[in-house]
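Subject: Handover of a structure and notes on what was found

Dear colleague,

Please find below the structure that I am handing over to you. My notes follow it and are intended for a reader who has not seen it before.

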Amino acid sequence: MSKFEFPPSIRSRPVYGTLEARPGKTHLMIADAEGAEAILAVATPDLMAATHIIYIPKGTDYADKLRALKPAQFYEGPTYAASVTRIQRVLQDAQMGLQVYLAGTEGLMGQAQNEAMKAGIPHTAIQTEHRGSIARRMQCVHCKGITEDVETDPFVCSHCGLNLFVRDHYSRRLAAYQGVCIDAEDPGNVPPQKGIYE
Amino acid sequence: MSGAEKIAVRVTEVSPLNELVTRFKFEPVAGGLLPTFSGGAHTVVEMRDGDITRMNPYSLMSDPFDQTAYTISVRRDDEGRGGSLFMHKNISVGDEITISNPVNLFSLDLRAKKHLMIAGGIGITPFLAQIKQLDRAHGNWELHYSCRSEALGSYVDYLTNTHPNDVEVYYDDQKQAIDLENLLDGQPLGTHIYVCGPKGMIDWVRGKATELGWPREAIHYEEFLAPQPGKPFEVKLAVSNKVIQVGERESLLEAIERAGVDAPYLCRGGACGMCETSVIDYSGNFIHRDHWLEEDEHASGKKIMPCVSRFEGKTLVLDR
C-alpha cells in the first residue's frame, strides 16, 4: 500500500494529486522510493520518449522497472542531496513547454518543487502525487535546523535537542513543516510520542 | 460611489498620431502629483455628452514613475457607441474632465525570468508603460507588435528607435505575420507571455501556448470590450424598485447609473467581474459579451455583466 489519504487540514498544508500526462515539449519526472509507482501508472511510450526521469530508490527495487519504460534519459541517484545539482542543471537548460511531475515522499516533492519554482515554474503548474512514507521534513523554528523523515509527534530536534510539536504549517520556500517547542512553558512536560496521523 | 476614486484633470495635450489614433495628456487640476501606477493599468475616463455620461477604460501608456501627468491613446471607432468619437471630436486642450485612479488588471508577473509581449493594433498601449517599468528594473523582455500598415503603426518609430533589438514589428498589408509557433518554441523556462489586442489574436496566442504546454499562470491577456450599441430594452431593478429604459447607444450599466442607482463596477470592459449582477426573472434572450462569466453561467440565465452585455425580450428583472 503506497497510497495514504491525508486528513483535511489548514490551507497551509500541501495537497497532492494524481499524475496525469499533459501536453508538453519535454517532461521531467522526479521521484523517490514508492513514487516510482506513480510514474509507472502514468507512463506511455509516447510520453517516455520525451521524458527525463530522476529517481532516488531509497532501498526499494523499482529502478529496473523505470528503466524498462525506456525514458529518453534516466538517472538513479543515491540521495536527494546527490541528485539536486542534476535537477538544477536540467531546469537551467529547460525551455517553456517543460512539464514537471513529482512523486514520492513529501520531503522529496517539496524540495524538488522548490527548485522548479526557482527556475520560474509557477508552483500551481507542478504536478505532485504522494506515495510511500508519510514522514515529514521538519524545520525547528527555534534553531532553524532541518530534521528529515520525522514520523512521530512530538519529536526531538536533531540539531538543538528541543522537544518539538509537529505542525501542519508548511513553508514552500523551505520545503518543510514547522516544529515548535512543546514544553517551553513547563519544561519536561512532554506528551507521549505517537505517529503523526494517529 | 462605486468604482475607483476619481481625479479631476485638465487636458494639456491632444496629439493626433495617425488617421485613427490620438494621444491625450492629463494633469491634475489641483496641482501636485498623480498616484503612481504599475505597467498595464488603465484609467476610466468620464465623458459628459449631453445627458449621457460614458465611462470608458483606457490603458495608461506613460511612464508609471512619472506622476506629473498620465497619457492615453484612443483609437477612433466609427462603428461604436460614440465614446472614442467623443474623445476625438469634443475633447481639446484646456478641458477639465474626470478620470479614475489607476486600476491594474494586466500587471506584469515580476517573478517571470522573461516577459514576452504580443500586441495587436491599439493593444500596444499597456506595453508602453510596462516597457518603461521593466527598463528601470533591467527586466528581460521582447515585444512582437502587429499592425495593419506603416501608416497606422502607432509608436512603431519610438519603439524601434529606443529598443531596436527588442522590438519586432509586423505589417498586415505587407503580409507579415507573427510566426507564433516558432516564437513560443525555445523560450527559456520562466518566460511569461502577455497579449493585448483583438479577441482573435488573444484566443490564438492563448490556444497555441496552452497546446505547447505553457502553464495557464504564465499566460496573461487583456481585451477591453467596448459596450456595443443594440436595441433598446426595459429592465426592472428589484432592489431599488425602479423600471428603467436602456437606450440604443448606452450600456445597461450606464442606464442603471443614469437612474441614480449606485452599481458596482471597475473596468467597464467585461474583464474584472466587479459588476456581476444576479437575474431574478427574465423572458427573452441575453446578449452576453463579457469574458468574465463561464459558458454555463451565460447559459443559466442567472447572471449578467451590465457593463457590456445586453438583453432582447419582454422582461428582465435584476437584483439591483
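Domain bounds, as used in these notes, come from an automatic or database domain assignment. On that basis chain B is divided into domain 1 (6–104), domain 2 (114–222) and domain 3 (233–318). For chain A the assignment gives domain 1 (26–130) and domain 2 (136–195).

Two remarks on conventions are needed. The model is predicted, and local features need pLDDT of at least 70, side-chain atom pairs count only at pLDDT 80 or more, while totals for chains, interfaces and linings use all residues. Residues are numbered from 1 along each chain as its sequence is written, and chains are lettered from A and ligands numbered from 1 in the order in which they are written.

Domains and contacts

In chain A, the C-alpha centres of domain 1 and domain 2 lie 28 Å apart. The contact takes 7 residues from domain 1 of chain A and 8 residues from domain 2 of chain A, where two residues are in contact if their C-beta atoms, placed from the backbone, lie within 7 Å. On the side of domain 1 of chain A that touches domain 2 of chain A there are no nonpolar, 6 polar and 1 charged residues. In this classification Ala, Val, Leu, Ile, Met, Phe, Trp, Tyr, Cys and Pro count as nonpolar, Asp, Glu, Lys and Arg as charged, and the others, Gly among them, as polar.

In chain B, the centres of domain 2 and domain 3, taken over C-alpha atoms, are separated by 33 Å. Between the chains, 17 residues of chain A are in contact with 16 residues of chain B. The side of chain A that touches chain B comprises 9 nonpolar, 6 polar and 2 charged residues.

The sheets of chain A

Helices (H or I, at least four residues) and strands (E, at least two) are DSSP runs, numbered from the N terminus. Two strands pair if DSSP finds at least two bridges between them.

One open sheet of chain A has 5 strands in the order β3-β2-β1-β4-β5, with parallel pairing. Strands β3 (73–76) and β5 (127–130) of chain A stand at the edges with a single partner strand each, so one side of each is left without a neighbour in the sheet. Strands β1 (residues 26–32) and β4 (residues 98–104) of chain A pair in the parallel sense over 6 bridges, and L28(A) stands opposite V100(A) in β4(A).

Two helices lie across this sheet. Helix α1 (residues 35–42) of chain A lies across β1, β2 (51–56), β4 and β5 of chain A, at about 145° to β1(A). Helix α5(A) lies across β1, β2, β4 and β5 of chain A, at about 160° to β4(A). Axes are lines fitted to C-alpha atoms, for helices over the stretch in contact, and angles run from 0 to 180 degrees between N-to-C directions.

A further open sheet of chain A has 5 strands in the order β7-β6-β11-β10-β9, with mixed pairing. Its edge strands are β7 (146–150) and β9 (155–156) of chain A, each of which pairs on one side only. Strands β6 (residues 136–140) and β11 (residues 176–181) of chain A run parallel and are joined by 3 bridges; M138(A) has Y177(A) in β11(A) as its bridge partner. Helix α5 (residues 106–118) of chain A also lies across β6, β7 and β11 of chain A, at about 70° to β6(A).

A residue is buried if 20 or more other C-beta atoms lie within 10 Å of its own, exposed if 12 or fewer, and partly exposed in between; C-beta atoms are placed from the backbone.

In β11(B), 6 of the 6 residues are buried, so this strand is largely enclosed by the rest of the structure. T191(B), I193(B) and V195(B) lie on one side, and H192(B), Y194(B) and C196(B) on the other. Strand β11(B) pairs in the parallel sense with β8(B) over 6 bridges and with β12(B) over 4 bridges. V195(B) stands opposite I118(B), and its bridge partner in β12(B) is Y221(B).

Helix α2 (residues 125–136) of chain B is mostly covered, with 9 of its 12 residues buried. These buried residues pack against strands of chain B including β8 (114–120) and β11 (191–196).

Yours sincerely
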